[in-house]
Amino acid sequence: MRTDIRAILDLCKLKILLGVFLLCFSPVLLADPYHYKNVLVGDRAATMGGAYNAVSDDSTGAYYNPAGLSFSYGDSLSGSGNAYHSTKTTYKESIADKDWVRDSTAVLPSFFGMIKKIGSADLAIAYVIPDSIIEHQDEQYDISDSHPTVANYYLSLHSEDRTNMIGPAISFKMSDSFSIGASLFYSYRIYRHQQHQFIVYKDTSADTSYESVKLEEYSYMPKIGIQFTPFEPLYIGLTISKSFLLSRVLKRDYSKIESGDYTLFAGAYSQEVDYPIQVSLGVAAYPSPSLLLAMDVDYYATTDEDLQSVTNIALGGEWFLNATNAIRGGLFTNNDNRPECTESSCSQAKLDMAGLTLGYSSFTRTSSFTLGIVYSTGSGKADVYGDRSVIVDMERESFTLLFAAGYNY
Amino acid sequence: MRKIFILLFGLIIVGFTGQEAVVAQEPDFRLRLHQLDNDYTQEDIEVEIEFGRNLAARILSTYKLLDNKGLQNYITLLGNGIATQVGRPELQYYFAVIDTDDINAYACPGGYIFFTKGAIKVMENEAQLAGVIAHEIWHVNFRHVVKPLKIRAKGDSLTSGIAAAIGSGTATARVLFNQLTEKAYQLLFEEGISREAELATDTAAVESLVTLGYDWSSYRDYLRAIESKPENKYRKVLSKTHPSITLRVESINNLAQSLNISDELGKKNANRYKSNTGSL
């Protein structure tokens, strides 16, 4: 998974040559394959903290647990748009004595899906964006008071990272208490990054660098799921999934002027990735038509020697105030799959996150409208320069305002 | 790993090909408050009645009413008596026997209920007929045709907002309305409703018999009597649209056990039944 990072980290040697600050892992930091729940998918599911494996009875079931489609209420269409999705990452005192703050904002549709009942089968097709970041930054740092040789540091960058998944799902109800389903998602990830850095020294000389990175990744992800009830009103969901790489190509162009000498570089790398196996277990209790409680445990088992297996937990609840209004809430973790970051060993950073969700839905006979917020935060350590010379504290906050609509027909 | 997934998908696909079709129907406890669908307006009920009348007309375009005034009166009297106890108060129920040897009964929305001559011939007493009447009334009460077809006065879709279709008189609206009627006909005669819904209706019918003072076990005996008949064309629609009789009898026995009610509890009125149906 991290071969692209290794390639980019070569750039960090510049820092040694220049003896100044070039924040060299920025191209990969926002392309975040280290967390698995950066965007909670769906409307009802997202506002329940993503605790949806044992529910999954709408078109988002294609993503969470296709077996849940058997319990959907008629044919339906649903879609969700994140009105506003922002991420703010702060690296404490990483540019001399100043914080480096990276903001990302994006407006994106995170989900669209539909279900059609055909005979004994429930068919669905879903389009999912499980992760998306757009970052634009123009910053000037005056560090003349705190740095021995550098007066000013200019950083301009633009990053876009988006994963798109689309695929069909099918579910069969084998008995009153057991259903089985499968989905197959085709995934396309596109990551683009341009970064310009300009350093002005106290002796009025200057260095500059520019780099452009493009990563394209194609993969597919089969998912198999079951749902069953050991006793009413409890339901259990279980899924297993794994992505398989079709192709992944990283292209990088780099130019710099350093002490009057220039360097040009262009390269392309075809890479291999071994994605983790994801096993998810969900439990949902339906004590009354007004109340739903759910919990998911997601386990990601990796074989990548540089990464760790990760467990995430999500808790969610739904309460109907009456037949036309419902509120939801949830808690979830979004843990980092990298090992601890210390001065002796650090793989860029280590940042475990936790979040909460709140949502409100209004229903008519055949449609629903949902508003919700997802907030998550976490703190950890980061190796900003890629050589473990400076390990800094880092913090991240993520906020999503989502709206969604569903239609039963 | 890739091979494992391919193998698992293959096994599932192979498994599905031999799987008996089971109509997907969510258990009630998974339904959320907004899906319970209890907020029917007077306008909705009027549309249901109008729709049921059209569906009844569709049935009578295929099957003739049985030419037996005495039996029709008997069915009407008995049906209305039971409907006053267990039916929806806002509806006027209509009961009739159609002239076919098929063994079945049909409940249209709005309270239009038909029994086949073949079913009447299988029955041996009034308790059995009362059980079937109650069963059909509960289909209407539960809106087992209304809900899946979303028969509503106003809705967000073409098919659910049929008041406008009825009232508009345009050719397109009438075509839509007729298509919906045909769908309901298919539901009654071809597809059936879900197994869970049929079993719930049996439960309600047995409970009604106990409440009305009829012998509940006669209803179970009627089902057994059908089961003992040869699996011929006269049972074809019933078999196609209902769960197996074995399952229904088992469900009724479980209910009786849970209610702690004994067999032969209540009246059967065998003589009255025979005097009204003896001419068949």
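What percentage of the contacts in chain A with a separation of 6 or more comes from residues 24 or more positions apart? After that, please walk me through the open sheet of three strands in chain B.

Modeller: That figure is 65% in chain A, where a contact is two residues with C-beta atoms, placed from the backbone, within 7 Å. Keep in mind that the model is predicted, so local features need pLDDT of at least 70 and side-chain atom pairs pLDDT 80 or more, while totals for chains, interfaces and linings use all residues. Residues count from 1 along each chain as its sequence is written, with chains lettered from A and ligands numbered from 1 in the order written.

A bit more on chain A before we zoom in. It has five helices and 16 strands (DSSP runs, H or I of at least four residues and E of at least two, numbered from the N terminus). Of its 409 residues, 47% count as buried (20 or more other C-beta atoms within 10 Å; 12 or fewer is exposed, in between is partly exposed). Strand β14(A), residues 349–363, pairs antiparallel with β13(A), residues 325–334, over ten bridges, and with β15(A), residues 367–383, over 15 bridges; pairing takes at least two DSSP bridges. Along β14(A), A:T357 is the bridge partner of A:G330, and A:S361 faces A:T370 in β15(A).

Now your sheet in chain B. Its strands come in the order β1-β3-β2, with mixed pairing. The edges are β1 (94–98) and β2 (105–108) of chain B, each of which pairs on one side only. From one strand to the next, the twist averages 20°. β2(B) runs antiparallel to β3(B), residues 112–116, and four bridges join them. Look there for B:Y106, which stands opposite B:F114.

Helix α3(B), residues 69–86, touches β1 and β3 of chain B, and its direction makes about 145° with that of β1(B) (N-to-C angles run from 0 to 180 degrees between lines fitted to C-alpha atoms, for helices over the stretch in contact). Helix α5(B), residues 126–141, lies across β2 and β3 of chain B, at about 30° to β2(B).

Both helices meet another one, α13(B): its buried residues pack against α3, α4 (117–122) and α5 of chain B. In α13(B), residues 270–277, those buried residues are B:Y273, B:N276 and B:T277. They sit on the same side of α13(B) because they cover an arc of only 85° around the axis, taken from the directions from the axis to the C-beta atoms. Over on the other side of α13(B), B:N271 and B:S275 are exposed.

Leaving aside residues up to four places away in sequence, B:F115 touches B:I75, B:V97, B:A105, B:I120 and B:V132.
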